[in-house]
Amino acid sequence: MASSNRRTAYIVRNTNETKIQLSLSLDGGPLDLLPATAEFQNHRPRDHDPETPPEYQNTKTHASQISNLQHIWIWTGIGFLDHMLHAWAKHAGWSLRIRCRGDLASMLDHVTFNARFRGDLFHLVRNWLTFVPIEVDDHHTTEDTFLALGTAFTTALGPRTGLARFGYAYAPLDEALSRAVLDISSRPFFVGDFGFQGPMMGNLNTQMIHHGLGSWAQNAGVTLHIDVLKGENDHHRAESAFKALAVACKGACERLVGREGEVVSTKGVL
């Protein structure tokens, strides 16, 4: 999946809670389709099924954008999370393919399957009640997706030499304004102030944005500060934060011509 000039990574992260495939290019360009595996079987998908197989990954979805410059195709099973990851990848200049099967998605798959093929309300309710005890919220899917993306980021980045290292940006979205400051420091740390007013955005708990970005910073090996400076609408606050982060990432990852191989640190190592 990699070329000699582009910084790319392919990550598989499987736990008892989630199954994730992720392909990333920090420099954009085409990406191979995510391969069929035991966790993601090569079969025709049902509507809104995160198991969408490789031959359907060029299908237009709510979080996809395919061009000569970028391949973006994201399906975690959490719509608002997909939307934020799409914005991040787009404005960072990344190409990014992600698919995830989470524990909540697995429960919904079972219920949808039985409802569709049994075809009656009694079996739908019976199966729903049977599976309520194993319902899990959005925590595992969000956390593990960000952890996988952090691992892919540091893998694709490679040796931390010849980089701008620091990146910062402001990004508005209507009345909302956010600031992101990033240091590719190999000193994982995250501080975020989002000021969300409500507990949920779509099917994503607002707490998981802070936790997810902290998880990303940990595995990416970066120091990250994000502040939403103003904004009345939670969706706008979140999206402006991810767009600011995207532009900060793009700046920090820039390769400095004439400084190839140089460690941008007084310590001599990152």
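This is a predicted model: local features need pLDDT of at least 70, side-chain atom pairs count only at pLDDT 80 or more; totals for chains, interfaces and linings use all residues.
Student: Hi! Why does Thr 155 count as partly exposed?
Tutor: Thr 155 counts as partly exposed because its relative accessibility is 44%. Buried means under 20% relative accessible area, exposed means over 50%, and partly exposed is in between, using a 1.4 Å probe and protein chains only. Residues are numbered from 1 along each chain as its sequence is written, and side-chain values use heavy atoms, with hydrogens and water left out.

Student: Where does Thr 155 lie?
Tutor: Thr 155 is in helix α4, residues 139-157. Helices (H or I, at least four residues) and strands (E, at least two) are DSSP runs, numbered from the N terminus.

Student: And what does Thr 155 touch, not counting residues up to four places away in sequence?
Tutor: Ala 9 and Ile 11. A contact here means heavy atoms within 4.5 Å. Also, a polar atom of the Thr 155 side chain lies 2.7 Å from the backbone oxygen of Thr 151.

Student: How far apart are Thr 155 and Leu 24?
Tutor: In space they are 9.5 Å apart, C-alpha to C-alpha, while in sequence they are 131 residues apart.

Student: New topic: what order do the strands have in the open sheet?
Tutor: The order of its four strands is β6-β7-β11-β8, with mixed pairing. Two strands pair if DSSP finds at least two bridges between them.

Student: Which strands stand at the edges?
Tutor: β6 (166-173) and β8 (189-193) do; each has a single partner strand, so one side of each is left without a neighbour in the sheet. From one strand to the next, the twist averages 10°.

Student: How many bridges join β7 to β11?
Tutor: Seven, between β7 (residues 176-183) and β11 (residues 223-230), and the two strands run antiparallel. Leu 177 stands opposite Lys 230 in β11.

Student: Which helix packs on the sheet, touching β7, β8 and β11?
Tutor: That is α5, residues 207-220, and its direction makes about 155° with that of β8. Axes are lines fitted to C-alpha atoms, for helices over the stretch in contact, and angles run from 0 to 180 degrees between N-to-C directions. Helix α6 (residues 234-252) lies across β6, β7 and β11, at about 150° to β6.

Student: Last one: is Ser 265 buried or exposed?
Tutor: Ser 265 is buried, because its relative accessible area is 19%. Ser 265 sits in the segment after α6, and its side chain reaches the backbone nitrogen of Lys 267 at 3.1 Å.

Note on methods. A polar contact is a pair of N or O atoms within 3.5 Å; within protein, one must be able to donate a hydrogen and the other to accept it, and residues adjacent in sequence count only if both atoms are side-chain atoms.
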